[in-house]
Amino acid sequence: MTPDQPTAIAATGLRKSYGEQTVLDGIDITVPEGTVFALLGPNGAGKTTAVQILSTLIEADGGTVRVAGHDLATDADGIRGAIGVTGQFSAVDNLLTGEENLLLMADLNHLPRAEGRRRTAELLERFDLVDAAEKNPMTYSGGMRRKLDLAMTLVGDPKVIFLDEPTTGLDPRTRRIMWDAIRGLVAGGVTIFLTTQYLEEADELADRIALLDHGHIVAEGTSAELKRLIPGGHIRLEFADPDELDQAARTFAGSTRDDAALALQVPSDGDVNSLRAVLDHLDVASIEVTNLTVHTPDLDDVFLALTGRPTEVRSSAGAGHQSAETTDTAADSTTKETVR
Amino acid sequence: MSTLTLAARDSRTMLRRNMRRWARYPAMTVQLIALPVIMLLMFAFVFGQTLGAGLGGPSAGRGDYIDYLVPGIILMTVSASIQGTAISVAMDMHEGIIARFRTMAISRGAVLTGHVIGSFLQTLVGIAIVIGVAFLIGFRTNANAAEWIATIGLLCLFAIALTWLAVAMGLQAKSVETASNTPTLLVLLPFLGSGFVPADSMPAGLAWFAEYQPFSPVIETVRGLLLGTEIGDNAVLALAWTAVIGLLGYFWALKLFRRPPVR
């Protein structure tokens with residue numbers, strides 16, 4: 001991202017309350033063209049409300065919004081002509097076939113008939129829905145519905161796409177397919193505004209990430225910048241009995257012990273040298289370790305550090321503990337420990 | 001393209017969508033048209049002889065009663081059909097696709113216009129079938145071309161007015177089930193009016209309601225046009241009710257449609 005890059009989405013001081021409840025409390029968002037912006041937060045943080053305002057669905061109580069060069073207050077239709085929205089709840093017509101749904105979008109985007117047919121065929125192909133084209137979406141799997149939903153959004157060739165939790169509830173394979181589709185769109189110059197409660201998803205896709213909590217953006221930056229906001233990672237050692245734990249705790253100064261789990265957390269930046277040092281110390285002191293995990297800081301830690309509580313949501317990888325055999329520090333799916 | 005051309009084009013697209021939905025889900029349409037036909041046959045052949053005698057006409061029998069009955073059944077066709085409108089609007093609102101339409105650069109009213117025109121056409125089909133069946137079982141009219149045109153014109157206006165009201169009811173409904181309940185009252189209105197028996201044969205309070213509720217003047221006007229009975233001020237009342245219902249439904253529907261989605 002460069003400073004002179006045109007801005008696709010610019011919102012300042014966005015506010016929204018429902019009665020007593022403040023959902024968005026003055027948030028600022030800037031998304032340069034051709035980039036992916038992720039709004040990350042737990043359920044009820046205000047993510048969907050933000051998308052609904054930016055995509056012209058509901059009105060904000062305060063603040064200014066420009067999307068794709070159009071002002072929300074004066075030219076909402078201009079925005080509508082430039083955006084595509086795929087919401088959390090599938091927005092397909094259940095009584096029409098998949099193909100008819102796409103053709104409906106072509107008509108509503110005022111495409112010439114031949115062009116509409118061409119785009120429909122192309123999108124069915126691209127999202128692997130050719131065999132299901134004649135079928136009713138009610139017979140589709142969750143993943144197929146989501147793909148049809150996204151395909152419908154793409155019929156109008158939008159410049160800015162809002163994806164509200166696009167992969168919530170999808171199986172890992174379909175999630176990968178969605179991610180690839182999103183990356184493909186970005187490569188084609190589209191700007192993506194993504195909301196997610198999956199930290200891994202934001203990490204995978206987004207150029208910039210904002211953490212939303214109780215209507216406030218509590219942190220914003222690249223994934224690397226956010227991770228730098230919190231103390232480094234650690235190596236977690238587990239032991240068979242308390243004596244081993246005692247011994248290890250004496251060996252590693254500055255470590256944190258967890259007596260209940262018979263575990264010890266040794267501060268580490270997670271690189272190979274520090275890992276080797278820890279293993280050497282264990283060797284010299286002849287301490288038996290039953291399990292070893294390398295924990296590099298991830299967005300979950302960032303969220304915990306910034307909000308003082310766990311996200312309630314877990315990495316979409318759903319990974320359990322990494323075993324000692326895979327102590328590759330570069331492993332991107334580190335173990336989550338939302339203890340405390 | 002001008003705004004108006006776009007609005008027309010989007011409305012046409014929405015109309016096509018609604019037609020297609022009915023084709024996929026014909027059970028409701030069939031049921032809504034079957035209801036007045038069944039009522040017609042039931043009242044003609046089960047109650048017809050007795051009720052006809054009660055009317056005290058010249059021949060005072062089933063034939064007379066069928067003639068008396070048909071205008072009320074036609075109005076029931078209208079109110080049954082708009083029940084379908086309310087249901088399909090409510091279904092739409094709960095399907096999430098409306099949220100998609102709202103974020104697209106399409107004419108704002110197109111969604112509703114599509115429903116209204118579609119329902120209106122459906123109502124016309126229903127009326128045509130009911131009138132066809134009525135003729136088959138012996139309905140006789142002395143209406144001339146002008147009277148037929150006036151009848152159809154009034155029915156069209158009244159149907160459009162009620163359709164807008166039904167659209168508003170569908171938008172207002174918290175669920176599809178509620179949407180199918182609310183307009184049921186409208187289906188009953190021809191009974192509580194002069195649709196099946198003369199209003200003045202009812203107890204005082206009910207007779208007063210039956211005489212002044214919106215369906216009665218329309219029924220009386222249609223009856224006058226088709227059978228040559230006294231219309232009096234019913235035509236004016238019918239048009240006034242039509243205007244009130246139509247405007248109320250239209251503005252209520254627009255207001256509800258502009259309301260942000262509740263999710």
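Guide: Helices (H or I, at least four residues) and strands (E, at least two) are DSSP runs, numbered from the N terminus. This is a predicted model, where local features need pLDDT of at least 70 and side-chain atom pairs count only at pLDDT 80 or more, while totals for chains, interfaces and linings use all residues. Residues are numbered from 1 along each chain as its sequence is written, chains are lettered from A and ligands numbered from 1 in the order in which they are written, and side-chain values use heavy atoms, with hydrogens and water left out.

Visitor: Which pattern does chain B follow along the sequence?

Guide: Start with the tally: chain B has 11 helices and 0 strands. Reading along the sequence of chain B therefore gives α-α-α-α-α-α-α-α-α-α-α.

Visitor: How much of chain B counts as buried?

Guide: Buried means under 20% relative accessible area, exposed over 50%, and partly exposed in between (1.4 Å probe, protein chains only). Among contacts (heavy atoms within 4.5 Å) in chain B between residues at least 6 apart in sequence, 79% join residues at least 24 apart. Of the 263 residues of chain B, the buried share is 52%.

Visitor: Let's zoom in on one residue. How far is B:L226 from B:R140 in space, C-alpha to C-alpha?

Guide: B:L226 sits in helix α10 (residues 215-227) of chain B, and it counts as buried at 1% relative accessibility. Leaving out residues up to four places away in sequence, B:L226 touches B:F139, B:T141, B:N142, B:A143, B:W148 and B:T151. B:R140 is 86 residues away from B:L226 in sequence, yet the C-alpha distance is 8.7 Å.

Visitor: On to the interface. How much area do chain A and chain B bury between them?

Guide: Buried area is the accessible area (1.4 Å probe) that two parts lose on being put together, summed over both. The contact takes 32 residues from chain A and 28 residues from chain B. A:L95, A:L108 and A:H110 lose the most area on the chain A side, together 27% of what that side buries. Carbon and sulfur atoms hold 58% of the total, which is about 2600 Å².

Visitor: Which element gives the most to the side of chain A that touches chain B?

Guide: By class (Ala, Val, Leu, Ile, Met, Phe, Trp, Tyr, Cys and Pro as nonpolar, Asp, Glu, Lys and Arg as charged, the others, Gly among them, as polar), that side has 14 nonpolar, 11 polar and 7 charged residues. At least two residues each come from α2 (76-82), β6 (83-86), α3 (98-108) and α5 (142-154) of chain A. With 6 residues, the top contributor is α3(A).

Visitor: Which residue forms a salt bridge with A:E122?

Guide: Helix α4 of chain A holds both A:E115 and A:R118, 3 residues apart, about one turn of the helix, and the two form a salt bridge at 3.2 Å. A:E122 is 4 residues from A:R118 in that helix, again about one helical turn. The closest N and O atoms in the bridge to A:E122 are 3.1 Å apart, and its partner is A:R118.

Visitor: And how far apart in sequence are A:R176 and A:E200?

Guide: Their side chains meet in a salt bridge (3.8 Å, N to O). A:R176 is partly exposed at 42% relative accessibility, whereas A:E200 is buried at 18%. A:R176 lies in helix α6 (residues 172-187) and A:E200 in helix α7 (residues 199-205) of chain A, so the pair ties together parts separated in sequence by 24 residues.

Visitor: Last one: what is the phi of A:D128?

Guide: Most residues other than glycine have a negative phi. A:D128 lies in the loop between α4 (113-126) and α5 of chain A and is exposed, with a relative accessible area of 63%. Although A:D128 is not a glycine, its phi is positive, at about 60°.

Methods
A salt bridge is a side-chain nitrogen of Lys or Arg within 4 Å of a carboxyl oxygen of Asp or Glu.
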